[in-house]
Amino acid sequence: MASDFAENELDLFRKALELIIDSETGFASSTNILNLVDQLKGKKMRKKEAEHVLQKFTQSKWLIEEGEFTLHSRAILEMEQYIRETYPDTMKICDICHGLLIQGQSCETCGIRMHLPCVAKYFQSNSEPRCPHCNDYWPHEIPEIFDPEKDREATVSKPNKKSSRSRQH
């Protein structure tokens, strides 16, 4: 990653990463990221240039832009150790698989957190889902388990229709 980007561009990525890690939703708005441009070290960057840099990180699959920015799965996989070491007090961990959690669901009573795929698997045959920690009712929508075979069959039978499966971290 470092060789593809200038030092001030990497600093912008670190600022975006911090906003994403600190947020409850796992997203950071472009406005919030761009407002940090004045705090960058080294060569100054205009907001228009910073927008271009964010697009570079998106094209390189370090960030995803869905109205707001979040980490691409590539960034999560390649940077998990760095995130764990750099943000130990603010990073979130899935209480089921113990992996780094950027987006997911949490219990409204005890606060445990779970990735969406972990939620789906944990509650798959449970008509009344309860928190695995405090046993309170789980009020969130339970996502479907991703089944690659089922997804492939749907794609083969309807070639013009794109999969409606959403990205989950």
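Salt bridges and a helix contact

Colleague: Buried or exposed, what is Asp11?
Modeller: Asp11 is buried, because its relative accessible area is 5% and the cut-off for that class is under 20%. Please keep in mind that this is a predicted model, and that these values are computed from it.

Colleague: And which residue forms a salt bridge with Asp11?
Modeller: Asp11 pairs with Arg14 in a salt bridge, where the closest N and O atoms are 4.0 Å apart. Both residues belong to helix H1, and they lie three residues apart, which is about one turn of the helix.

Colleague: How does Arg14 count by relative accessibility?
Modeller: Arg14 counts as partly exposed, with a relative accessibility of 29%, whereas Asp11 is buried.

Colleague: Which residues are linked with Asp11 and Arg14 in a network?
Modeller: Glu7 joins them, so that Glu7, Asp11 and Arg14 are linked in a network of salt bridges.

Colleague: How many salt bridges does a search of the whole structure find?
Modeller: The search of the whole structure finds eight salt bridges. Among them is the one between the side chains of Glu128 and Arg130, at 3.9 Å from N to O, and Arg130 is partly exposed there, with a relative accessible area of 33%.

Colleague: What about Lys48, which side chain does it meet in a salt bridge?
Modeller: The side chain of Lys48 meets that of Glu51, with 3.5 Å from N to O. The two residues are three apart in helix H3, so about one helical turn separates them. Lys48 is exposed, at 65% relative accessible area, while Glu51 counts as partly exposed, at 34% relative accessibility.

Colleague: Changing topic to the helices: at roughly what angle do the axes of H1 and H3 cross?
Modeller: The axes of H1, residues 7–22, and H3, residues 47–59, cross at roughly 75 degrees and come within 10 Å. That makes H1 roughly perpendicular to H3, because angles of 65 to 115 degrees are put in that class.

Colleague: Which residues make the contact?
Modeller: On the H1 side the contact is made by Glu9, Leu10, Leu12 and Phe13, and on the H3 side by Ala50, Val53, Leu54, Lys56 and Phe57.

Colleague: And by class, how many of the residues in the contact of H1 with H3 are nonpolar, polar or charged?
Modeller: Seven are nonpolar and two are charged, and the contact of H1 with H3 has no polar residues.

Notes
Residues are numbered from 1 along each chain as its sequence is written. This is a predicted model: local features need pLDDT of at least 70, side-chain atom pairs count only at pLDDT 80 or more; totals for chains, interfaces and linings use all residues. Side-chain values use heavy atoms; hydrogens and water are left out. Axes are lines fitted to C-alpha atoms, for helices over the stretch in contact, and angles run from 0 to 180 degrees between N-to-C directions. Helices (H or I, at least four residues) and strands (E, at least two) are DSSP runs, numbered from the N terminus. Angles under 35 degrees count as roughly parallel, over 145 as roughly antiparallel, 65 to 115 as roughly perpendicular and the rest as oblique. Contact means heavy atoms within 4.5 Å. Ala, Val, Leu, Ile, Met, Phe, Trp, Tyr, Cys and Pro count as nonpolar, Asp, Glu, Lys and Arg as charged, and the others, Gly among them, as polar. Buried means under 20% relative accessible area, exposed over 50%, partly exposed in between (1.4 Å probe, protein chains only).
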